[in-house]
Amino acid sequence: DGQENEMLSVKETAKEMNLSIPRVHQLIADGRLKAQKVGAYYIVQSEDIAKAKEAIKDSGRPNKEKGN
């Protein structure tokens, strides 16, 4: 397909996803972001970042309904 699948550090992943580094580690620990452990560090593939962005886009606390 000609598209290279980049390998990113947790710091780069956090920047790409607009999240904190601890949040990225939490997503990895929860299995919501696929990563490979290389020594003491995690490496994340760019395609897995895209998948995780889609998966967490609608997650989180629901909006409060007005009038309750």
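Me: Before the residues of a sheet are discussed, which criterion decides that two strands pair?

Reply: Two strands count as paired if DSSP finds at least two bridges between them. Strands (E, at least two residues) and helices (H or I, at least four) are DSSP runs, numbered from the N terminus. In this structure, Ser9 stands opposite Ile43 in β3. The model is predicted, so local features need pLDDT of at least 70 and side-chain atom pairs count only at pLDDT 80 or more, while totals for chains, interfaces and linings use all residues. Residues are numbered from 1 along each chain as its sequence is written, and side-chain values use heavy atoms, with hydrogens and water left out.

Me: How many helices and strands does the protein have, and in which order do the elements run?

Reply: The protein has 3 helices and 3 strands. From the N terminus on, the elements follow the pattern β-α-α-β-β-α.

Me: What is the strand order of the sheet, and which strands stand at the edges?

Reply: The sheet is open, with its 3 strands in the order β1-β3-β2 and antiparallel pairing. β1 (7–9) and β2 (36–38) are the edge strands, each with a single partner, so one side of each lacks a neighbour in the sheet. On average, neighbouring strands are turned by 40 degrees against each other, direction ignored.

Me: How many bridges join the strands?

Reply: β1 is joined to β3 (residues 41–45) by 3 bridges. β2 and β3 likewise pair over 3 bridges in the antiparallel sense, and Gln36 stands opposite Ile43 in β3. The hairpin of β2 and β3 has 2 residues between the strands, and Gly39 there takes a positive phi near 65 degrees.

Me: How is the packing of two helices described?

Reply: Two packed helices are described by the angle between their axes and the distance between the axes. Axes are lines fitted to C-alpha atoms, for helices over the stretch in contact, and angles run from 0 to 180 degrees between N-to-C directions. Here the axes of α1 and α2 (residues 21–29) come within 9 Å and cross at roughly 100 degrees. The two helices are therefore roughly perpendicular, a class that covers 65 to 115 degrees, whereas angles under 35 count as roughly parallel, over 145 as roughly antiparallel and the rest as oblique.

Me: Which helices lie on the sheet?

Reply: Contact means heavy atoms within 4.5 Å. Helix α3 (residues 46–57) lies across β1 and β3, running at about 80 degrees to β3.

Me: Which residues make up the largest nonpolar core?

Reply: In soluble globular proteins, nonpolar side chains tend to be buried together. A nonpolar core is a set of buried Ala, Val, Leu, Ile, Met, Phe, Trp, Tyr and Cys residues joined through side-chain atoms within 4.5 Å. Buried means under 20% relative accessible area, exposed over 50%, and partly exposed in between (1.4 Å probe, protein chains only). The largest core here has 12 residues, including Leu8, Met17, Leu33, Val44 and Ile56. α1, α2 and α3 are the elements that give two or more residues to this core.

Me: Is Thr13 buried or exposed, and what is Thr13 in contact with?

Reply: Thr13 lies in helix α1 and is buried, with a relative accessible area of 0%. Leaving aside neighbours within four places in sequence, Thr13 is in contact with Leu8, Val24, Leu33, Val44 and Ile49.
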